[in-house]
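Colleague: Can you take me through this model, a few questions at a time? I would like the cut-offs along the way.

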Amino acid sequence: MDNIKDLIQYYQMTFNSETGEKVLKDLENRFHFYKTTYSKDVTEIAYLEGQRSVILSIKNLIKENNKK
């Protein structure tokens, strides 16, 4: 298994490419990055927030590598 520094670099190489940026934009739109996850159903909220958290994780890894 690669170490975290290598993984961060892989995420940046992937998502900072032209194709990767398009894929990330699609993921943001599909998985509620810009939309509310509010619902009367707490199970649905948990599900939607779980989807959204994946996008946040990717963006944080990209951001982390850009700081260095």
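Modeller: First, a term. A polar contact is a pair of N or O atoms within 3.5 Å; within protein, one must be able to donate a hydrogen and the other to accept it, and residues adjacent in sequence count only if both atoms are side-chain atoms. This is a predicted model: local features need pLDDT of at least 70, side-chain atom pairs need pLDDT 80 or more, and totals for chains, interfaces and linings use all residues. Residues are numbered from 1 along each chain as its sequence is written, and side-chain values use heavy atoms, with hydrogens and water left out.

Colleague: In what order do the elements of the chain run from the N terminus?
Modeller: Helices (H or I, at least four residues) and strands (E, at least two) are DSSP runs, numbered from the N terminus. The chain has three helices and zero strands. The order is therefore α-α-α.

Colleague: Is His32 buried or exposed?
Modeller: His32 sits in the loop between α2 (18-30) and α3 (42-67). Buried means under 20% relative accessible area, exposed over 50%, partly exposed in between (1.4 Å probe, protein chains only). His32 has 16%, so it counts as buried.

Colleague: With which side chain does the side chain of His32 make a polar contact?
Modeller: Contact means heavy atoms within 4.5 Å. Not counting residues up to four places away in sequence, His32 touches Thr37, Leu48, Gln51 and Arg52. The polar contact, at 3.2 Å, is with the side chain of Gln51.

Colleague: What is the phi of His32?
Modeller: Most residues other than glycine have a negative phi. His32 is not a glycine, yet its phi is positive. The value is about 65 degrees.

Colleague: Which side chain does a polar contact join to that of Glu28?
Modeller: Glu28 is in helix α2. At 4% relative accessibility, Glu28 is buried. Leaving aside neighbours within four places in sequence, its contacts are Phe33, Tyr34, Ile55 and Lys59. The polar contact, 3.0 Å, is with Tyr34.

Colleague: How far apart in space are Lys25 and Ile55, C-alpha to C-alpha?
Modeller: Lys25 also lies in helix α2. Lys25 is partly exposed, with a relative accessible area of 41%. Lys25 and Ile55 are 30 residues apart in sequence, and their C-alpha separation is 9.6 Å.

Colleague: What percentage of the residues of the chain count as buried?
Modeller: His32 is in the buried class at 16%, and so is Glu28 at 4%. Over the 68 residues of the chain, the buried share is 22%.
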